[in-house]
Amino acid sequence: MNYPDLNPVAFSFGPIFFIDQISIRWYGLCYVFAFLTCFILGWWRIRKTQVIEFKQWHDVVIFGIIGAIVGGRLGYVVFYSWDTFLSDPLALFRIWEGGMSFHGGLIGVVTALFVWCRINSVPWLKLLDFVAVLAPLGVGIGRLGNFINTELPGRVTESFLGVHYPCHAVQQLTINCVGEYEEVTRHISSLYQAFTTGVIVFGIVWWYSSKPRTKGQVSGMFALLYGLGRFTTEFFREPDYFLGFVIGDWLTMGQLLSLPLILLGAVLLTPAINRRLNT
């Protein structure tokens, strides 16, 4: 089976003023839809949790969006493209060229929410627990954007799950792809991660949060499950061509960055640590 031939551009319009044409890409729309979905679901959940007031949720989402975008871009530069940044610092601002890191985005969101909580005198861990339930949805929708862009090609496989990737998507990984599609088949790692770290993690964290939990436990469950899901699915994803494996011939940067999440999640779920956080 061939990888679906999807146009990454949803629609275009123009000219407008001095711009010949403006193209709206599905990847960007996925970000918008992810934030909108989290906003609506969060607004609905506030009625039950009463973590913050309805009017405050708008500000929280804006802080979260800024943190996700700024942190995601900075994380990509630091974790995946540091050499490029050193030779061309302006590359940091050329976000239209692509390059966002989930781990960087997570750090950005956590930092932005910490600032908001300090300003508004809201318990930080309590708000993080609230947002942690929503986060997997954004992750899953974002991976659908990767799928439409034919990004994150998987490793070569002979299983029935493999598909033939377009040559333009794997041209940096192999010199043997000529024509329209690659002869070998690969895992669709973007969908693996969308389902695992998106759908499955969302379902479990939602169920886990349905009962009263002490502060930090829901965040810990999200961190643990996402870290484990990302670490596992990375075995089906081809390492970035410009980075390769970071340790030996098996550990990718995504796996390395997921290890602290797994550890943090386990710590937050440890009863002794949890009791200390809530005293």
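**Helix α4 against helix α8**

Helix α4 (residues 102-120) packs with α8 at an angle of about 170 degrees, and the two axes lie 13 Å apart. Because angles over 145 degrees count as roughly antiparallel, α4 is roughly antiparallel to α8. These descriptions refer to a predicted model.

On the α4 side, Phe102, His103 and Leu106 meet Phe222, Tyr226 and Arg230 of α8. Sorted by class, the contact of α4 with α8 comprises four nonpolar residues, one polar and one charged.

**Helix α7 against helix α8**

Helix α8 (residues 217-233) also packs with helix α7 (residues 189-209), here at an angle of about 160 degrees and with the axes 9 Å apart. α7 and α8 are therefore roughly antiparallel to each other. The crossing in which α7 passes α8 is right-handed.

From α7, the contact draws on Tyr192, Gln193, Thr196, Thr197, Val201, Ile204, Val205, Tyr208 and Ser209. From α8, the contributors are Gln217, Val218, Met221, Phe222, Leu225, Tyr226, Gly229, Arg230 and Thr233. The class composition of the contact of α7 with α8 is 10 nonpolar, seven polar and one charged.

Phe222, Tyr226 and Arg230 of α8 take part in the contact with α7, and these residues also meet α4.

**The second largest pocket**

The second largest pocket has a volume of about 270 Å³. Its lining consists of 15 residues, and those nearest the centre are Thr49, Val51, Asp129, Arg213 and Val218. Two or more lining residues come from each of α1 (26-49) and α5 (124-148). The most is given by α5, with four residues.

By class, the lining of the second largest pocket divides into six charged, five nonpolar and four polar residues. Val218, listed among the residues nearest the pocket centre, is also part of the α8 side of the contact with α7.

**The cavity**

The structure contains one cavity of 30 Å³ or more. The largest cavity has a volume of about 60 Å³. Its lining is formed by Tyr80, Arg230, Glu234, Arg237, Glu238, Pro239, Asp240, Leu243, Gly244, Thr252, Met253 and Gly254. These lining residues divide into five charged, four nonpolar and three polar.

Arg230 links this site to the helix packing described above: the residue lines the largest cavity, meets α4 from α8, and belongs to the contact between α7 and α8.

Terms used. Residues numbered from 1 in each chain as written. Predicted model: local features only at pLDDT ≥ 70, side-chain atom pairs only at ≥ 80, totals over all residues. Heavy atoms only, no water. Axes fitted to C-alpha atoms, helices over the stretch in contact; angles between N-to-C directions. Parallel < 35°, antiparallel > 145°, perpendicular 65-115°, else oblique. Left-handed = near helix turned anticlockwise from the far one by under 90°. Contact = heavy atoms within 4.5 Å. Nonpolar A, V, L, I, M, F, W, Y, C, P; charged D, E, K, R; others polar. 1 Å grid on protein atoms, 1.4 Å probe; cavity = no way out; pocket = protein on both sides within 12 Å on 5 of 7 lines; lining within 4 Å. Points joined across faces, edges and corners; volume = space filled by probe spheres on them.
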